[in-house]
Amino acid sequence: MTAKKNEAQIPAMLKKARALPQTPRMAWQFGVKRLRLWVWDDEQDRAERPYSMLVMELYPRGNVITNLLASPVGTYPNPIDALYMLLKQMVDPAEDEKLQRPVQISFIDEKLLEYCREPLVSIGIEVVKLTEATGVEDYITKFSNKLIERGRASRGDAAERPGVHKGVGIQRHALEQYFSACKDFYSSNPWRRIDEVCAIEAEWLKGGEKRYVTVLGSSDRTYGVAVMGSIQALRRKYARASGTYDVEKDIEANMLCGNCGKEPTAETFRCTGCRTLFYCDQECQRGNWNQHQYECEDPSKLEHVTREVWNKREQTMVFLDPSAVPFDDLEYAEVNKFWDAQSSKFPLIFVSIQGSPMLPPRVVRPTPEELEWMTQLISALLQT
Ligand SMILES: [Zn+2]
Ligand SMILES: [Zn+2]
């Protein structure tokens, strides 16, 4: 659909529409919604989130009567296309719809309303601003799922996860600083200066604690910053990457007592039931048995338990294609103008909580302290 071609047809459509019978009290709403999915745009050679333009019949039927993806993909609809779509619905609707002219059309978007007001009023339609009607969100969800089922669009695994701004105590200005630091970091190409295999020692917020920081990107195509709690954790990461990782050795070197949390000694032994928890001695095992007997048989419970015991939080910021980022994060950053797709990939921040190395880590969003520390770290890395 090209706006110019549509614009040329509008005067004739208005004339036709004016002659149509007006259905008493019939009210429509014009809305624009961004779909929660990605389609591949060949022209731009990247994934884009399409906008859907919808006409909802608020009265009498209360449902969406037509919808159309805005073009080009990923661009907010042109007001000419909005007016064209509304007029087409009156003078040239789908086969099962009547030719008719509503009494009122409401808009959610002020700019589209301003553009369409005069022509619509000139054909006897009242134009008002209203908030989005109920049912639109549901319609969009169903429509998105249908496109995905038909293989015409996709959604990343992380797409529906809650955004970083939803975390307890996370402040807007902290995120503003975070995004700004990441943008500078990205454009400074730190992966050209700092080799991925060198770890930088940094002080954690609370005095004395150390963290080990690596800049990702010199050897891999993942760009960002990873923070580890210990040298062992760092070794584990590289051993895993190079295929020399020995999980048994790692476990023996890292197991803390499942009862008292002490470091392993020569006497430390493994629970023969689950082979996942370790104990200093018989006393510690007995002391923990009331609790552990239920977990011992059920690996899903153990995941939680080993995280409690080892509870190692590792902070990561990676630059990702938007299609791999939760919609929540993208929308927040776009609305607040914290991130612009032209200047960098999206800086996603997350924390993985590692329990036993035998079990996969759980991924969560950072606490306010972690976000602040990461921002300071990224700014500091710019100076190196
Ligand atoms: Zn113990
Ligand atoms: Zn056990």
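Colleague: What covers the buried residues of α11?

Modeller: The cover includes α5 (172-187) and β14. Bear in mind that this is a predicted model.

Colleague: Which residues of α11 are the buried ones?

Modeller: They are F327, D328, D329, L330, Y332 and A333.

Colleague: W339 makes me think of rings. Which aromatic cluster does W339 belong to?

Modeller: W339 forms one cluster with Y178, F179, Y332, F338 and F346. Across the structure there are 17 aromatic pairs.

Colleague: Why are Y178 and F179 called a pair, and what makes the pair edge-to-face?

Modeller: Two steps, then. Ring centres must lie within 6.5 Å, and planes over 60 degrees apart count as edge-to-face. The centres of Y178 and F179 are 5.3 Å apart and their planes stand at 75°, so this is an edge-to-face pair.

Colleague: And how do you know whether those two residues are buried or exposed?

Modeller: The limit for buried is under 20%. Y178 has a relative accessible area of 0% and is therefore buried. F179, at 4%, counts as buried too.

Colleague: What makes you say that the charged end of R211 sits over the ring of W204?

Modeller: The distance part asks for CZ of Arg within 6 Å of the ring centre. The charged end of R211 lies 4.3 Å from the centre of the W204 ring. There is also an angle condition, within 35 degrees of the ring normal, and R211 is listed as sitting over the ring.

Colleague: On to the metals. Which residues are the protein donors of the zinc ion (ligand 1)?

Modeller: The SG atoms of C257, C260, C280 and C284 are the donors, lying 2.2 to 2.4 Å from the ion. Along the chain the spacing is C-x2-C-x19-C-x3-C.

Colleague: Which parts of the chain do C257 and C280 link?

Modeller: Distant ones, 23 residues apart. C257 is in the loop between α8 (247-254) and β11 (269-270), while C280 is in the loop between β12 (278-279) and α9 (282-296). C257 is buried at 3%, and C280 is buried at 16%.

Colleague: Why is the site of the zinc ion (ligand 1) called tetrahedral?

Modeller: All angles among four donors need to lie between 85 and 135 degrees. Here they run from 95 to 122°, and the site is tetrahedral. The ideal angle for four tetrahedral donors is 109.5 degrees.

Colleague: What makes the arrangement around the zinc ion (ligand 2) tetrahedral?

Modeller: The four donor atoms subtend angles of 101 to 117°, which makes the arrangement tetrahedral. The ion is coordinated by C271 (SG), C274 (SG), H292 (NE2) and C296 (SG) at 2.0 to 2.5 Å. Their spacing reads C-x2-C-x17-H-x3-C. Both C271 and C274 are buried.

Colleague: Last one: how many residues of domain 1 are in contact with domain 2?

Modeller: Six residues of domain 1 touch six of domain 2. Domain 1 covers 3-149, and domain 2 covers 164-255 + 311-383. Their C-alpha centres lie 42 Å apart.

Key:
Residues numbered from 1 in each chain as written. Chains lettered and ligands numbered in written order. Predicted model: local features only at pLDDT ≥ 70, side-chain atom pairs only at ≥ 80, totals over all residues. Heavy atoms only, no water. Donors = N, O, S within 2.8 Å, 3.2 Å for Na, K, Ca; no water. Tetrahedral: all angles 85-135°; square planar, octahedral: opposite > 155°, others 65-115°. Helix = DSSP H or I, 4+ residues; strand = E, 2+ residues; numbered from the N terminus. Buried < 20%, exposed > 50% of the residue type's maximum accessible area, 1.4 Å probe, protein only. Phe/Tyr/Trp six-rings, centres within 6.5 Å; stacked < 30°, edge-to-face > 60°. Domains from an automatic or database assignment. Contact = heavy atoms within 4.5 Å.
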